[in-house]
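Subject: Structure handover

Hello,

Please find the sequence and structure placed in this message.

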Amino acid sequence: MSAKRKHRSTNEYLKYLKGELSREERYSFERDLEADPFEMEAMEGMEKHPVAEVEEDFLALHATLQKRLRRRRRRTIYSIAASIASLLIVGTVFLNIYNVNPESAQESIPNDEAFLYEEPAVQGAAPVQEEESLDQILSEVENDMEQKLTPAEEMDPASQKEDAREEAPDREEIVILEEKTLRAVEMVSDDAEAPTQVPTEVPSRAADELVIMEAQPKRSQKKSRSKEAAPAAYSREEVGGIVLSSEDMEPLPGASIMIKGSDSGLVADLKGRFSILTDQQEQTTVIASYVGMETGEYQLADGTENQVVMQPDMATLNEVVVIEYNADMKAYATGAVQTVKLNKEESEYSGAEPEGGLEAFKMYIEEQIRFPAGNTTSKREVVVLKFNVESDGSISQILTLRSPGDPFTEEAIRLLKEGPSWNPAKNESEATEDVVRMRIVFKR
Amino acid sequence: MLEISGKHPNSSDEELLRLFYRNGNLDTLGELYSRYMHLVYGVSLKYLGSGEEAKDIVMQIFEKLVTDLPGQEVRNFKSWLYVITKNHCLMQIRSKKSADGRMEGYKIEQEFMESEQEMHPIDREDHSVEEALKHCIEQLKSEQKQCIELFYYDKLCYQEIAEKLVMNEKKVKSYLQNGKRNLKICLERKDVS
């Protein structure tokens with residue numbers, strides 16, 4: 001097998017299945033299929049299915065893969081965010097103390113560049129109380145560290161190593177803070193002339209960490225870098241909302257959301273909610289898809305309360321594709337007529353078919369189709385009709401799912417109405433109604 | 001941060017694979033896999049017949065890659081993936097066989113794990129065996145011969161052949177497959193392939 005040959009992309013497959021390739025493209029595709037059993041078998045599988053479903057599944061798969069890949073990264077982001085948050089809290093408290101005891105603080109911590117926030121001073125608080133709150137915060141910081149360690153353990157071994165590496169700096173930052181806060185605690189207690197109530201094992205930890213600090217003098221640089229990173233992460237805008245079904249306005253958990261113009265996407269959570277971090281200036285457009293719903297584009301407004309209301313797609317049951325080719329091209333007429341039935345397993349079931357079969361119907365369309373006059377530019381237009389074939393074979397409820405304009409719709413409906421009559425679908429030899437979707441391609 | 005695929009659109013599979021072996025980064029593997037995800041999906045559809053199951057398999061196989069790939073020396077990712085996919089599907093069918101007995105029609109091919117598929121002589125770019133090939137084509141049964149000639153020499157696509165010979169496309173494809181198999185046997189007898 002030639003490893004250098006380019007593989008056929010998802011889009012090429014879709015085009016082939018939809019009959020949108022020229023005959024040369026089609027032929028060269030088929031040559032590739034013949035040469036590579038992987039591609040051949042994949043095509044055989046896709047041909048058995050309605051192309052709309054295949055397309056939807058591709059989108060969904062892409063979104064799932066992205067989600068799978070992001071699972072790891074998101075955790076990392078959260079833990080960074082958590083450590084930055086705790087950094088800020090501890091820093092603020094520290095500053096309060098700093099302001100309460102400016103003289104002794106200046107003495108004990110000379111030229112500390114780390115926390116120069118302009119925090120309003122809280123005056124007059126009793127030192128002993130502050131000591132207590134510091135203890136709380138210290139234990140919070142410790143909890144934070146523990147929480148951060150747990151997700152890493154849950155992760156699969158492949159990503160674990162990397163995560164541990166990424167987390168290392170955050171832990172160091174907290175360590176520094178603890179050490180600083182501890183000094184502050186000592187400071188406060190000295191000042192208040194109260195007996196030191198700092199738990200004994202904490203100072204010893206701080207001592208250990210002091211050694212680490214000395215061993216890594218570059219750490220303070222790291223810290224200032226992470227301070228810059230924090231505002232950048234928050235400047236990305238969060239856009240989100242909920243995916244609902246238009247039928248009952250119930251949420252659609254697991255709906256796929258692709259961000260238009262990118263390869264990325266995500267899946268709505270169990271409550272149908274989703275959110276995206278975006279740094280785009282303009283509005284975000286997403287493509288939402290869900291089994292049984294029409295895939296569609298939705299513009300999101302700012303904020304996280306968007307409603308993406310999806311319309312049900314009634315006719316994924318049975319599909320007929322009729323493609324018409326230009327008269328000069330008759331020799332190459334590659335009109336693809338496909339019927340794809342709902343379930344191959346149920347052999348007793350057969351979908352509605354035009355009299356004389358689909359081949360005959362295709363020939364009829366090829367002979368009769370007229371490219372509507374008045375349209376000057378387009379070479380190719382597609383009309384998709386959906387209709388019911390009742391159990392007596394009559395056609396009803398013709399709906400236009402897609403059309404470039406009324407003349408095309410009228411022509412398509414004329415072809416359908418004047419064409420061969422239809423035989424109803426049969427379920428175990430009993431005539432039953434059926435929904436048919438027909439795609440007619442106008443070419444000239 | 002959301003952007004992951006297409007970071008290395010011009011890198012070959014081999015380059016991406018080497019990168020992954022070096023950095024162990026899942027994003028790299030994801031990018032490589034997304035090139036073939038639709039093929040895995042298509043093959044799964046062929047064997048299992050249900051879109052939902054096929055989608056599950058695509059993700060199962062990705063997890064399999066995450067765990068299995070680092071321990072293996074894979075040179076041709078695409079054909080390796082093909083073998084993995086096919087085996088996975090057949091295993092799936094086999095485990096279902098007891099449940100609903102719809103195994104019929106599928107043989108588990110024992111030998112394909114060992115064979116890195118060799119391209120059929122007729123699909124190769126160079127036709128060094130042209131003479132022998134022509135001779136063997138002459139000996140094929142009439143439909144197989146017609147289909148092979150129309151496809152490989154007259155360069156007609158399946159549908160055109162189907163219309164010309166008044167048969168459906170499926171028949172055309174199976175004549176091509178069987179014709180190629182017979183050709184290979186014939187060529188092997190001549191010892192040129």
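Predicted model: local features only at pLDDT ≥ 70, side-chain atom pairs only at ≥ 80, totals over all residues.

Residues are numbered from 1 along each chain as its sequence is written, and chains are lettered from A and ligands numbered from 1 in the order in which they are written.

Overall
Of the 444 residues in chain A, 31% are buried (20 or more other C-beta atoms within 10 Å of the residue's own, with C-beta atoms placed from the backbone; 12 or fewer counts as exposed, and in between as partly exposed). Among contacts in chain A with a separation of 6 or more, 69% are between residues 24 or more positions apart. A contact here is a pair of C-beta atoms, placed from the backbone, within 7 Å.

Cores
A nonpolar core is a set of buried Ala, Val, Leu, Ile, Met, Phe, Trp, Tyr and Cys residues joined through C-beta atoms within 7 Å. The largest one has 62 residues, and those touching the most other members are A:V243, A:I257, A:A288, B:M37, B:V40 and B:V58. Helix 4 (residues 51-100) of chain A gives the most to this core, namely nine residues. Beyond its neighbours within four places in sequence, A:I257 is in contact with A:A63, A:G265, A:L266, A:A268, A:F274, A:V286 and A:A288. A second, separate core holds 20 residues, including A:A352, A:F361, A:I369 and A:V441.

Helix pair
In chain A, helix 2 (residues 23-35) packs on helix 3 (residues 37-47) at an angle of about 115°, and their axes are 5 Å apart. Axes are lines fitted to C-alpha atoms, for helices over the stretch in contact, and angles run from 0 to 180 degrees between N-to-C directions. Helix 2 and helix 3 of chain A are therefore roughly perpendicular to each other (the class covers 65 to 115 degrees; under 35 is roughly parallel, over 145 roughly antiparallel, the rest oblique). Helix 2 of chain A contributes A:D32, A:L33 and A:E34 to the contact, and helix 3 of chain A contributes A:E39, A:M40 and A:M43.

Sheets
Two strands pair if DSSP finds at least two bridges between them. One open sheet of chain A has three strands in the order 4-1-7, with mixed pairing. Its edge strands are strand 4 (273-278) and strand 7 (306-310), each pairing on one side only. Strand 1 (residues 237-245) of chain A runs antiparallel to strand 4 of chain A, joined by six bridges, and pairs in the parallel sense with strand 7 of chain A over five bridges. A:I242 stands opposite A:R273 in strand 4 of chain A and opposite A:Q307 in strand 7 of chain A.

The other open sheet has four strands of chain A in the order 3-2-5-6, with antiparallel pairing. Strand 3 (265-267) and strand 6 (296-300) of chain A are at the edges with a single partner strand each, so one side of each is left without a neighbour in the sheet. Strand 5 (residues 284-289) and strand 6 of chain A pair in the antiparallel sense over five bridges, and A:E297 in strand 6 of chain A is the bridge partner of A:I287.

Regards

Terms used:
Contact = placed C-beta atoms within 7 Å. Helix = DSSP H or I, 4+ residues; strand = E, 2+ residues; numbered from the N terminus.
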